Amino acid sequence: MRHWHKAAWALLAIPVCAFGFESVDVLTPAMSGLYPAYPADPTPPYTVWGQAGLMYDSNLLRRPTGDNGDFVTRLGLGGRLDQRVIGRQYVHLEGRVDGYLYDKFSDLDNVGYAALGEWRFQVGNDLAGAFTASRRRYQVNLAEIQTATYDPINETTLGTNARYAIGPNLGLRGALNYVEYARPLHDFFNTKTVTAAGTLEYISALGNMIGVEVQQAQGDAPVPETVDPLHLLVNNDFKQHDVGVVGAFALGPSLRIGGRVGRTTRHYTELANRDFSGPTWNVAVQWLPTAKTVFVVESAKFISSVIDVGASHIVGHGWGVGPGWAVTAKLNLQARVFRQHQDFEGDPNAALGVAPVRQEVVKGYRAGAYWEYDRRWHCQFSLEHGDRESNTEGRAYGYTAGIAQIKYVF
């Protein structure tokens, strides 16, 4: 159940502001396990790959006017290793390095990377979990800064999670995570968040799952944000509480539904009039009319601190729909239409009356193909069009992008 749910989100994950090569990175091969006609192959103990991609974006800087088109080349290397250490203890390692070269806006040339390590443990037959550490560097979303400026973000994550089987059908799951976002050019956007979560879940004999989940998060923004023209310093520290119902159900052989529905409350230590309390959800429905086709409908409402924007939060709600068709075991076609409404309710400028609450609508569509020429050579193609409407001058835009990528698996 977790596998199909993850695949559904990869197909139709709603972006905050999708950018770059994301529209080919979410494409999956026909034999990913999503389609009943083509079960996934057993995962090998290690994988090493290299890739090269080319993208043309008609409005790379996401501006309302001007000649902002550019070609972007991406070269990357990556790998994964799963190794048993002793008994039931495993190590999982994965990482990648990507270089981005811009034809016209060469100031954006950069190298990004991501690395993750996990110690996966099992104690007896009832307790299993993992200790996780990861590090990632990437360019801030150009849809937010709208300038050809290299503005990196460093993301560091430490965490642990475990599940204890109380009985054959009942389990208790817990997690503790620390995430730090650092943006050197704008340090008042930096955030450190600690989140603790617990879930009591019931799994039926058919594999359906339902549970109650509680999360508590505390965010620390160590550098106060300056609000002009008032020349005030505002602290963006917050506490957030989430409670909800999580589940994953197979309603027959061709209909599946999974996600979370609950309520979220966020409270700031300063400017309490920007606090949030309301329903949130993240639900995906997957229908497989045939063994080679899938149709996914997704809806979400969430509150999130977005480092690209600042330490304060946005409230987003939207939907995505799209089909997938495994034409053959080598060729998978995917498409999606998405729309998301964003309210920047956590902005201290709006809370102090300096500026109105920014409201934006991001919508678009994309279509892509994943073709495995053979086990080693993989080709991906994607076409995407989108636009943003905004009540803030200078932030509306439209764009069309085409991406081609080839990957070699050693």
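Me: What are the ground rules here?
Reply: The model is predicted: local features need pLDDT of at least 70, side-chain atom pairs count only at pLDDT 80 or more, and totals for chains, interfaces and linings use all residues. Residues are numbered from 1 along each chain as its sequence is written, and side-chain values use heavy atoms, with hydrogens and water left out.

Me: How much space lies in the second largest pocket?
Reply: About 390 Å³. A pocket is an open set of points on a 1 Å grid over the protein atoms alone, where a 1.4 Å probe fits, with protein on both sides within 12 Å along at least five of seven lines. The volume is the space filled by probe spheres set on the points.

Me: Which residues lie nearest its centre?
Reply: F189, V309, D347, N349 and R358, out of 22 lining residues. Lining means an atom within 4 Å of a point.

Me: What is the lining by class?
Reply: 10 nonpolar, 5 polar and 7 charged. Asp, Glu, Lys and Arg count as charged; Gly counts as polar.

Me: Switching to cores. Which residues have the most contacts inside the largest one?
Reply: F21, M55, L60, V72, L108, L142 and I403, in a core of 23 residues. Strand β20 (397-409) supplies at least two residues, as does α3. The largest share, 4 residues, comes from β20. A nonpolar core joins buried Ala, Val, Leu, Ile, Met, Phe, Trp, Tyr and Cys residues through side-chain atoms within 4.5 Å. Helices (H or I, at least four residues) and strands (E, at least two) are DSSP runs.

Me: What is F21 in contact with?
Reply: Beyond its neighbours within four places in sequence, its contacts (heavy atoms within 4.5 Å) include M55, V72, Y100 and I403.

Me: How many bridges join β17 to β18?
Reply: 13, and the strands run antiparallel. Another 13 join β18 to β19, also antiparallel. Strands pair if DSSP finds at least two bridges between them. A hairpin through 4 residues joins β18 to β19.

Me: Where is the cis peptide bond?
Reply: Between D228 and P229, with omega about 5°. P229 sits in the loop between β10 (225-227) and β11 (232-234).

Me: Which residue in that loop has a positive phi although it is not a glycine?
Reply: H231, at about 55°. H231 is exposed, at 66% relative accessible area. Exposed is over 50%, buried under 20%, partly exposed in between (1.4 Å probe, protein chains only).

Me: And Q146, buried or exposed?
Reply: Buried, at 12%. Its phi is also positive, about 55°.
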